[in-house]
Amino acid sequence: MEPTPIVELKNLSKTIRGKKIIDDLSLQLYPGQITGFLGPNGAGKTTTIRMMVGLMKKSGGEVVIDGQTLSADFEEALSKVGVIVENPEMYKFMSGYKNLLHFARMQKGVTKERIDEVVKQVGMQNRIHEKVATYSLGMRQRLGLAQALLHRPKFLILDEPTNGLDPAGIREFREYLRLIAKTENVSVFVSSHMLSEIELMCDRIAVIQNGKLVDLRDMSESQEAHYYVEAFPADQTFELLRSLGFKSESVNEGFVIQAEKTQIPELVKALSTAGLELYAIQPHRKTLEDQFLELTGGGQLAETASK
Amino acid sequence: MLKLLQNEWMKLWSKKGTWIMAGLMVVLIIAMAGIMKWSGSLMDDESDWKLSTQSELENDKNSLASGILKGESKRLAEENVQISEYRLANDVAPLNDFSREGMIYNPSVGSIALLLTVIVAAGIVASEFSQGTIKMLLTRPVKRWKIMTSKYLAILLFGVLLMLIGFITTILSAFIFFPSEGGQALAISGGNVVEVSIWSHGLYMLLLSFVNVIITATFAFMIGSVFRSSGMAIGLSLFIYFTGSVIVGLLSRFEIVKYLIFTHMDLTMYESNYVLNDDITLSFSLVVLAVYLVAFLIVSYTVFTKRDITA
């Protein structure tokens with residue numbers, strides 16, 4: 001049974017100066033699940049996220065958060081959401097604590113004790129009373145996270161959260177997200193251009209291109225069984241694979257085929273009876289990057305990587 | 001709303017610049033009093049108030065007789081004549097500008113408070129954009145008009161505070177630098193000459209100049225929130241503040257000048273001897289200013305609440 005979604009985008013659209021930036025986008029996000037949001041630059045990731053948090057007005061459709069429509073009941077709907085938009089820009093001239101106090105005052109029911117609790121959770125208790133201007137990027141990121149968690153949101157939305165973090169910082173951040181998704185049953189929505197990052201962090205990915213949702217899949221599902229076969233001569237190998245009914249794709253000097261584990265002994269036998277010289281046969285794991293480029297077309301690789 | 005106001009107030013006073021501005025104001029007012037004391041001692045004329053009042057009276061009478069005065073200017077001249085005659089007949093000395101009473105009677109706090117309030121008003125929205133904090137501020141469950149209101153209230157509160165600090169500093173420096181010289185301020189009320197307390201008149205002047213503070217600061221608030229640039233907001237606001245009377249002078253032949261904001265910004269003119277335009281009165285000025293104020297606020301709020309945050 002499908003659980004009820006915490007966030008629903010219903011036919012969301014955005015038109016800027018006659019140009020459709022987001023076109024009829026529908027998406028459901030569920031509690032306890034981390035959903036990655038991927039797309040080449042200019043696909044509309046940031047626009048979508050900004051419409052979800054009230055920074056931009058939608059041109060059509062609806063954003064429903066925990067049963068409340070964002071446009072009709074802005075305050076009620078947003079009170080369930082924690083947001084980190086890119087690098088969290090805090091008031092640099094104030095201490096971390098005053099920043100948290102500032103954002104706590106904008107929510108109902110965030111007590112001083114809760115602030116202290118969150119500060120401890122993100123491990124900032126030693127420096128929280130120092131000015132934000134003195135913080136490193138990693139600390140600002142943690143302060144941003146603390147800010148987003150103050151009001152115990154049911155839904156956490158993060159736009160490029162790991163921008164500029166070092167590998168240790170990224171890892172810490174990722175593990176922390178997984179933890180709160182699991183323990184507090186929070187639904188997390190992360191946009192990122194770092195595919196490997198998304199791959200490690202997410203349960204599910206949504207891919208957007210030219211303002212349309214082009215793919216939505218569970219990560220487990222995306223790891224279909226693939227095998228890499230390298231045999232000589234190649235053209236005969238290709239013929240044989242085809243005659244056996246495998247879909248094959250030329251990769252490096254061999255082929256990647258879609259096959260179940262149980263089919264492999266059969267294949268090996270077939271190859272040797274045909275007198276082909278088998279050099280390698282091994283499980284092949286398609287990375288998210290391969291899949292992503294397949295989906296969106298390789299031409300945008302440069303753009304995606306350079307964001 | 002109170003919490004939002006608390007937030008704005010906290011942000012305001014967490015900036016060093018705010019403390020520097022408030023300190024600067026105190027220093028400037030004391031320095032001005034010191035300079036007044038010094039220049040007053042240079043003049044050193046023991047002139048008789050009766051002689052100067054007599055010549056003032058004759059001037060006013062001549063102007064009235066020539067018939068060039070109309071409207072508000074005529075009224076002011078007539079009142080001055082009445083007061084001067086009263087002084088001479090009853091032997092009531094006027095206040096000396098360079099005395100303790102004169103300073104309190106006419107405190108010059110308005111223009112400094114205006115300048116500093118404009119700087120705060122210009123930056124209070126614009127700086128959220130330039131710091132990038134606007135994204136954090138507007139993704140919290142608070143409607144944008146509430147945020148705008150808390151910011152506007154913070155500006156007004158800051159303006160009031162500066163006026164009070166300025167007035168207190170003025171009183172202190174008046175007591176430190178100047179001796180009491182007596183004298184009595186007079187005014188016309190209901191056709192009769194009445195005595196005016198220096199304190200109530202001082203506060204009244206403060207109130208009149210505070211209207212200018214509000215108007216100019218609201219203008220700066222509007223420019224700052226529409227163009228997201230505090231520099232531009234400060235520049236334009238001070239431009240209209242300083243060039244206003246020049247523009248009124250240039251356009252004085254036209255009827256439209258009555259409805260320009262510049263004509264009305266400085267309400268303290270009604271307590272002086274010179275009104276920029278003869279066809280206007282204090283209540284007319286207040287109405288015109290109210291219309292402008294509402295227009296500025298409508299523009300600020302509309303732009304701010306409708307804007308897509310893309311930066």
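Predicted model: local features only at pLDDT ≥ 70, side-chain atom pairs only at ≥ 80, totals over all residues.

Me: Why are α3(A) and α5(A) called roughly parallel?

Reply: Helix α3 (residues 96-104) and helix α5 (residues 137-149) of chain A pack at an angle of about 25°, their axes 9 Å apart. Angles under 35 degrees count as roughly parallel, and α3(A) and α5(A) are therefore described in that way.

Me: What makes residues of α3(A) and α5(A) count as meeting?

Reply: Two residues are in contact if their C-beta atoms, placed from the backbone, lie within 7 Å. On the α3(A) side these are A:G96, A:N99, A:L100 and A:F103, and on the α5(A) side A:L143, A:A146 and A:Q147. The residues of this contact divide into 4 nonpolar, 3 polar and no charged.

Me: Why is A:R17 called exposed?

Reply: A residue is buried if 20 or more other C-beta atoms lie within 10 Å of its own, exposed if 12 or fewer, and partly exposed in between. A:R17 has 5 other C-beta atoms within 10 Å, and therefore counts as exposed. A:R17 is found in the loop between β1 (7-16) and β2 (19-29) of chain A, and has a positive phi of about 45° although it is not a glycine.

Me: Why is A:D24 called partly exposed?

Reply: A:D24 has 14 other C-beta atoms within 10 Å, so it is partly exposed. A:D24 lies in strand β2 of chain A, and its phi, near 55°, is also a positive value in a residue other than glycine.

Me: Why is A:N41 placed in the class "partly exposed"?

Reply: A:N41 has 14 C-beta neighbours inside 10 Å and so counts as partly exposed. The place of A:N41 is in the loop between β3 (34-38) and α1 (45-52) of chain A.

Me: What makes a set of residues a nonpolar core?

Reply: Such a core is a set of buried Ala, Val, Leu, Ile, Met, Phe, Trp, Tyr and Cys residues joined through C-beta atoms within 7 Å. The largest has 139 residues, and those with the most contacts inside it are A:A146, A:I157 and B:A220. Helix α6 (residues 110-131) of chain B gives the most to this core, with 14 residues.

Key:
Residues numbered from 1 in each chain as written. Chains lettered and ligands numbered in written order. Axes fitted to C-alpha atoms, helices over the stretch in contact; angles between N-to-C directions. Helix = DSSP H or I, 4+ residues; strand = E, 2+ residues; numbered from the N terminus. Parallel < 35°, antiparallel > 145°, perpendicular 65-115°, else oblique. Nonpolar A, V, L, I, M, F, W, Y, C, P; charged D, E, K, R; others polar.
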